[in-house]
Amino acid sequence: MNIFIASANSSKIKEIKAILQDDSLNLLSVLDTAELAKLNISIPADFDVAEDGKTFQENALLKAKAYAFLTGLPTIADDSGLEVEVLNGFPSVQSNRWFVGTARERSAALLDLLKDKTNRRARFYSVICFFDQKQNLTEFFDGEIQGTIAQKPRGNEIEGFGYDPIFIPDGYDKTFAELGVKFKNTISHRKLALLKLSQYVLQDKHLEQPE
Ligand code: IMP
């Protein structure tokens, strides 16, 4: 059964594919151009979804619907972000956009905002939207992981993405980037949200059977 992953972020796509591995699911994304061509699906190179919702849920729905209408496939979208306690939850839904620059520069800017702060508590939060136009289904699943913000970036940036080099999950003394993406995928906010999704899709059998 085909499911489309509504994202242009290749790191996110790889994480979702690694976490959701199941023989009965064929997970497709913008990266699978050959397979999409066989299904007569073409995604314009400049296709972009304005993420102007006020909540993770609104943005996840915007992305899921946009790609579902384009592909005709049941679609999942992840909207996620980092919420820092002492900054009243900032940057939250703005995690990818509040500071213009590279991911490394955004992490540095966040560390700068926290330079005099002793409270380093933070969480990653993910909302996954599952949208199936044919069956008229819209469902949301969420996951969070609590932790703290490191004093400086640590770990290999190839392992993971975004704020991974500055986030230390509770119970560990290493950042997500130091722990590595394989381990991150066993405990992350995205893993927890996708676990709920897979329960819904696979065990509760909410996917239409192929014709
Ligand atoms: P969006 O969901 O596409 O709006 O982007 C989420 C942004 O939140 C990412 O670009 C990262 O900056 C941050 N983020 C979300 N999940 C993670 C994660 O697992 N690791 C590191 N950063 C993340």
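In which loop does Pro91 lie? Pro91 belongs to the loop between E3 and helix H4 (103-113); helices (H or I, at least four residues) and strands (E, at least two) are DSSP runs, numbered from the N terminus. The model is predicted, so that local features need pLDDT of at least 70 and side-chain atom pairs count only at pLDDT 80 or more, while totals for chains, interfaces and linings use all residues. Residues are numbered from 1 along each chain as its sequence is written, and side-chain values use heavy atoms, with hydrogens and water left out.

- Phe90 and Pro91 are joined by a cis peptide bond, with omega about 0°.
- For context, most residues other than glycine have a negative phi, and most peptide bonds are trans.

**The shell around the ligand**

- The ligand is surrounded by 18 residues, and the closest are Lys12, Phe161, Asp164, Lys184 and Arg190; a residue is near a molecule if one of its heavy atoms lies within 4 Å of it.
- Strand E3 (75-84) and helix H7 (189-203) each supply at least two residues of this shell, and E3 gives the most, with 4 residues.
- By type, the shell residues divide into 3 nonpolar, 6 polar and 9 charged; Ala, Val, Leu, Ile, Met, Phe, Trp, Tyr, Cys and Pro count as nonpolar, Asp, Glu, Lys and Arg as charged, and the others, Gly among them, as polar.

- A polar contact is a pair of N or O atoms within 3.5 Å.
- An oxygen atom of the ligand lies 2.7 Å from a polar side-chain atom of Lys184.
- A polar backbone atom of Ser80 is 3.1 Å from an oxygen atom of the ligand, and a polar backbone atom of Tyr163 is 3.1 Å from a nitrogen atom of the ligand.

**Paired strands**

- Strand E4 (residues 121-132) and strand E5 (residues 137-149) pair in the antiparallel sense over 12 bridges; two strands pair if DSSP finds at least two bridges between them.
- The bridge partner of Arg121 in E5 is Thr148.
- The hairpin of E4 and E5 has 4 residues between the strands, and Asn136 takes a positive phi near 55° there.
- E5 also pairs with strand E6 (residues 167-169) in the antiparallel sense, over 3 bridges, and Ile149 stands opposite Phe167 in E6.

Notes: A polar contact is a pair of N or O atoms within 3.5 Å; within protein, one must be able to donate a hydrogen and the other to accept it, and residues adjacent in sequence count only if both atoms are side-chain atoms.
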